[in-house]
Amino acid sequence: MKVETYERFQGNLDATDHPYMSGPFTPVHEELTAFYENGDAEVQGTIPADLDGVYLRNTQNPLFKPLGTYHVFDGAGMVHALRFNRGRAEYRNRFLRTTAFEMELAAGQSVFGGLIDPPSVSRFAGWGARGGLRDAASTDVVVHAGSALATFYQCGVPYRFDAFTLEPAGHETFGGRLPVTDGAGRFDHGMSAHCKVDEHNGELLFFNYSKRAPYMHYGVVDANNVLVHYTPIPLPGPRLPHDMSFTENYAILDDFPLYWDPQALREGKHAVRFFREQASRMAVIPRRGSADDIIWFEASPTYVLHWINAWEEETPEGLEIVRHGYFQATPLPSNKDRGEGFDNKGRKLGAARYGPHIHEWRLNLRTGKVRERALDDTVCEFGMINGRHAGRPYRYSYNPLPVDDAFLFGGLMKFDHVTGDKQWLTLGERRYASESPMAPRLNARDEDDGYVVSFITDEKAQCSEVVVIDAKRLADGPVCTIRLPHKISSGTHSCWAAGSDVRPFGQG
Ligand SMILES: [Fe+2]
């Protein structure tokens, strides 16, 4: 391994035992580049020669002491990249150079509040659907039109960067066509996390949401990075959608009965409530359609944080949109439900609290009816699939298994959506996986012909690794483990992009 230091940042974060600034969430403040080849002491097994592309993951790394209460999603966004090519690997990590990051760096302290704080804590107008937040771009990352795009789940300005070198390219507003201010310097619209890339035609589908009517917009950016469609999606009021899904011809957007209490909101308070008597509403819209084209469906009350996939299927009853995602048994767990306190500092956050399991919704475009069923009862979330099957029929998902009471994953479950068969991977004591994409091998023959890749944060050995696992034989464990030059913080979303889908900056 050859390591180069790119930059070190000096913050003012006190040594802390805060649950989301310590242990597996200890922030990283140095930016490194490391080069690996087979035979290096840090490489166990063999870097597969038929793995060509880049694994990107977004994490949160607070640099400055928070103004108010720190939440696990408040830290500055940092992307970690592992590029694989011809049996070699390169690791890089870089902070996302967002406007807020630069402002706080210049100030030498935090100037924006966090998700738990009232928006008034921020010293500047800030960003986000709720207002007042830093534009951390720290939630999600995708590769579209040859380079990477980082996004924030409360809506923010998307950030472009080179998917291999992580060299920043600044705000992405698609030539100014994506509204990111309201003209008075305040943030508006922007883009939510979980924009979707259709690998079949290179389109990027996205949505945003806000507290102002029409409360949601939907857009499409083509493979040449031109915003070709942007349309309002009127909702009954402010909502908190997190994800969307798509098929070959449709996008599907959501209005779940989990949102800010309207009465409290009128008093300036952001109190999330689950309206358990209200249906989950799903909007099916042609990919270039407008509000008039939407067909609304009603399903049982829940909240879906993440969708796994969707596709179109002809049935004897007519054309159906089939959606797979995680149905939450308890979308808003209360202190009473757990019989213990939730300290609102994130100590008890974690996917397991919501009881998510894999579920199927079938939206019939002829009858307007929804049929739904649980596909499995394993508590899991943050699943990924072979991206070539996104929006099309598929068979396998790779699902991280949440650790109780923590925003951490202790293993993986491969689920066969046709037979219901499961394969398990356990990681060992105090070893935590990241969201784990499936990377098809070069010239892959079928859907699971490739590798599952994951960053591991190992609290026992105090190190981080990348593991490369044969997707057909998850339970066999890694075929290759690469030790990183530093321990990285656990974070949120990730993606895999084939080398052929990346156009490095400076190479046309
Ligand atoms: Fe998410």
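Colleague: Which residues of helix α1 are buried?

Modeller: Bearing in mind that this is a predicted model, the buried residues of α1, which runs over residues 99-107, are Ala 100, Phe 101 and Glu 104. They lie on the same side of the helix, because the arc they cover around its axis is only 100°.

Colleague: And which residues are exposed on the other side of α1?

Modeller: Glu 102 and Ala 106 are exposed there.

Colleague: What do the buried residues of α1 pack against?

Modeller: Their partners are two strands, β5, which covers 76-85, and β6, which covers 88-95.

Colleague: What about the backbone just after α1, what phi does Gly 108 take?

Modeller: Gly 108, which comes just after the helix, has a positive phi of about 70°.

Colleague: Changing topic, how many helices and strands are in the protein?

Modeller: The protein has 33 strands and 3 helices.

Colleague: Why does the radius of gyration agree with a compact globule?

Modeller: For 508 residues a compact globule would have a radius of gyration near 23 Å, and the protein has 21 Å, so the two agree. The C-alpha trace spans about 60 × 55 × 55 Å along its principal axes.

Colleague: How much of the protein is buried, and what share of the contacts joins residues 24 or more positions apart?

Modeller: Buried residues account for 48% of the 508. Among contacts with a separation of 6 or more, 58% are between residues 24 or more positions apart.

Key: Residues are numbered from 1 along each chain as its sequence is written. This is a predicted model: local features need pLDDT of at least 70, side-chain atom pairs count only at pLDDT 80 or more; totals for chains, interfaces and linings use all residues. Helices (H or I, at least four residues) and strands (E, at least two) are DSSP runs, numbered from the N terminus. The radius of gyration is taken over C-alpha atoms; the globule rule is 2.2 Å times the number of residues to the power 0.38. A residue is buried if 20 or more other C-beta atoms lie within 10 Å of its own, exposed if 12 or fewer, and partly exposed in between; C-beta atoms are placed from the backbone. Two residues are in contact if their C-beta atoms, placed from the backbone, lie within 7 Å. The arc is that of the directions from the helix axis to the C-beta atoms.
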